[in-house]
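Me: Hi! Could you walk me through this model while I have it open on my screen?

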Amino acid sequence: HESTSLQSQPPPEKQNYGAAAAHGRQGPVMSVSRKNPAKRDYLVAAVLCYANLINFMDWFLVPGILLDIQKYFKLGDGDTGLLQTVFILCYMLAAPVFGYLGDRYNRKIILGAGIFFWSGVTLSSSFISELYYWMFFLSRGLVGIGTASYSTIAPTIIADLFEEGKRTTMLSVFYIFIPVGSGLGYVLAAGTAGLTGDWHWAFRITPCMGGLALVLLILLVPHRTQRRTAAHRALSISGTIQVAAEKPGVHRTAKTTWCQDVISLAKNWSFVWSSLGLTAMAFVTGALGMWVPLFLYRARLVQGTASPCLQETCNSSNSLIFGGITIGTGMLGVIAGAEAARRLRKINNKADPLICATSMFISAVCLYIALMVAQTSILSTFIFIAFGELFLSVNWAVVTDILLYVVTPRRQSTAIALQILVSHLLGDAGSPYLIGIISNAIQAKNVHSFQWSFWSMQYSFIVCAFVGVFGGGFFLLTSLYIEEDRKEAEQ
């Protein structure tokens, strides 16, 4: 049964967007009932969230047992930081390729192949001998390629499954699994190493979880999801799909080349500045994620509350606590960020970038204080690290939602891929390595001691606080262009 409804469309300046868009944007529609019930869409989203959890657990297995790996392969701080840099470099270089494929080919097949590939490589890496450390570096790079297929494409499927009123909520749920997966990666790695007395077992659990994710993907995710045009999304009402393309006067979107898409995105200043803000976030989170447990271990050595690690498996309590903090603050931050955005958008169309800017400034201050008090109080350090991570996590879903309403839907996979490329190239691809090299350089100029081992890491970490301030500035610049770019994307 088909029904036609005609309603007046408010002028652009009266329209809302993002989470509040469902209440403020309607137009002439010809609707047909959706073939898939809402429950099926939520089930698909749940499968994608579960796979995202495993994705980020794999990211942070290495930092969770960094001291063990450093000792096993006999690596210095610089080489140890390079482990995560190799992973991120391969991840970001593969992202644009998968963005191109995701906009043009079957996304379910690409996702399934990615999960199978990265799970297999993770399992294989657990059998590498200490004589072949270069193979371990190579395996981390290959895992990065596999995870790029997932991070690039999965958010666009969620964006197609849900209308704008639900989209921010579902993306928030999806992005909650970034900090949750990251934290569980620390907990799983440290806990497994402690229980088995062998850190290699940490790399044999997530592949099993990846196998389950692959089965669920095959069984539950539809072979093709409806790719909605801008008209489809703008004209959606009450859970129906609008056949806008078939209605007289509504034209099909012309296909463009990848180069044309990139040129268009480069002229979209909201996309450019918000991507640079995300880059600053990635720089800080990458450095913290890699080095905080080792930094806290060295702080305890200086305080005399821990002894040097000489046994086969090192004490992983710092990784376990930091993992717990990452999970808790990540969940709270993403939820708080989405809720703050939903409420503040109603009174200020620039709310999203302003929320991101404020949270970056506060996070930078908290992280700086955490570094300064580490030598005297580990508890205070944990508290300020928790607040720093909390305010960083506020931005995850908000930044993605900015991209989704300032970029036209047919360019979204490419936009996400480019954002991944830039944010990782200038962000967390280099930050773990940079912190490691600065630390090595400081240690080389001073007498080897626990004190200088701690100070070298502390001084190199201060870079993160300054980068956080720059990130806040980039989000402030985003607020200058966001209304104009949103209106252009809606057209």
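**A tour of the helices**

Reply: Happy to! Of the 491 residues in the protein chain, 57% are buried. Keep in mind that this is a predicted model.

Me: How many helices and strands are there in the protein chain?
Reply: The protein chain has 19 helices and three strands.

Me: And what share of the contacts between residues at least 6 apart joins residues at least 24 apart?
Reply: That share is 85% in the protein chain.

Me: Let's talk helix packing. What do you need to describe a pair?
Reply: Two packed helices are described by the angle between their axes and the distance between the axes.

Me: OK, take α18 and α19. At what angle do their axes cross?
Reply: Roughly 140 degrees, with the axes coming within 8 Å. Helix α18 covers residues 431–444 and helix α19 covers residues 450–490. That angle makes α18 oblique to α19, because only angles over 145 degrees count as roughly antiparallel.

Me: Is the crossing of α18 and α19 left-handed or right-handed?
Reply: Right-handed.

Me: Which residues in α18 meet α19?
Reply: On the α18 side they are I435, I438, S439, I442 and Q443. Their partners in α19 are W452, S453, S456, M457, Y459, S460, F461, V463 and C464. By class, this contact has nine nonpolar residues, five polar ones and no charged ones.

Me: What about α12 and α18, how do they cross?
Reply: The axes of α12 and α18 come within 7 Å and cross at roughly 45 degrees. The two helices are therefore oblique to each other.

Me: Which residues make up that contact between α12 and α18?
Reply: From α12 you have A282, F283, G286, A287, M290, W291 and R298. From α18 you have S431, P432, L434, I435, G436, S439 and Q443. The contact divides into eight nonpolar residues, five polar and one charged.

Me: Nice. Let's move to single residues. Where is S270, and is S270 buried or exposed?
Reply: S270 lies in helix α12, which spans residues 269–303. S270 is buried, with a relative accessible area of 0%.

Me: What is S270 in contact with, beyond its neighbours in sequence?
Reply: Leaving out residues within four places in sequence, S270 contacts V406, T478, Y481, I482 and D485. For V406, the sequence separation from S270 is 136 residues, while the C-alpha atoms are 7.0 Å apart in space. As for I482, its backbone nitrogen lies 3.3 Å from a polar atom of the S270 side chain.

Me: Next up, T381. Which helix is T381 in?
Reply: T381 is in helix α15, residues 378–393. With a relative accessibility of 0%, T381 counts as buried.

Me: What does the T381 side chain reach?
Reply: It reaches the backbone oxygen of S377 at 2.9 Å. Not counting residues up to four places away in sequence, T381 also touches L296, A370, V373 and A374.

Me: Now V469, please. Where does V469 sit?
Reply: V469 has its place in helix α19, and at 42% relative accessibility it counts as partly exposed. Outside four places in sequence, V469 is in contact with F361 and A364. The C-alpha atoms of V469 and V365 are separated by 8.6 Å, and these residues are 104 apart along the chain.

Me: And I218, is I218 buried or exposed?
Reply: I218 counts as exposed at 51% relative accessibility, because the cut-off for exposed is over 50%. I218 is found in helix α9, residues 206–220. I218 and G112 are 106 residues apart in sequence and 7.5 Å apart C-alpha to C-alpha.

Me: Last one: where is K74 found?
Reply: K74 is in the loop between α4 (66–72) and α5 (77–104). K74 is exposed, with a relative accessible area of 70%.

Me: What is phi of K74?
Reply: Near 55 degrees, which is a positive value in a residue other than glycine.

Conventions: Residues numbered from 1 in each chain as written. Predicted model: local features only at pLDDT ≥ 70, side-chain atom pairs only at ≥ 80, totals over all residues. Heavy atoms only, no water. Axes fitted to C-alpha atoms, helices over the stretch in contact; angles between N-to-C directions. Helix = DSSP H or I, 4+ residues; strand = E, 2+ residues; numbered from the N terminus. Parallel < 35°, antiparallel > 145°, perpendicular 65-115°, else oblique. Left-handed = near helix turned anticlockwise from the far one by under 90°. Contact = heavy atoms within 4.5 Å. Nonpolar A, V, L, I, M, F, W, Y, C, P; charged D, E, K, R; others polar. Buried < 20%, exposed > 50% of the residue type's maximum accessible area, 1.4 Å probe, protein only. Polar contact = N/O pair within 3.5 Å; in protein donor to acceptor, adjacent residues only side chain to side chain.
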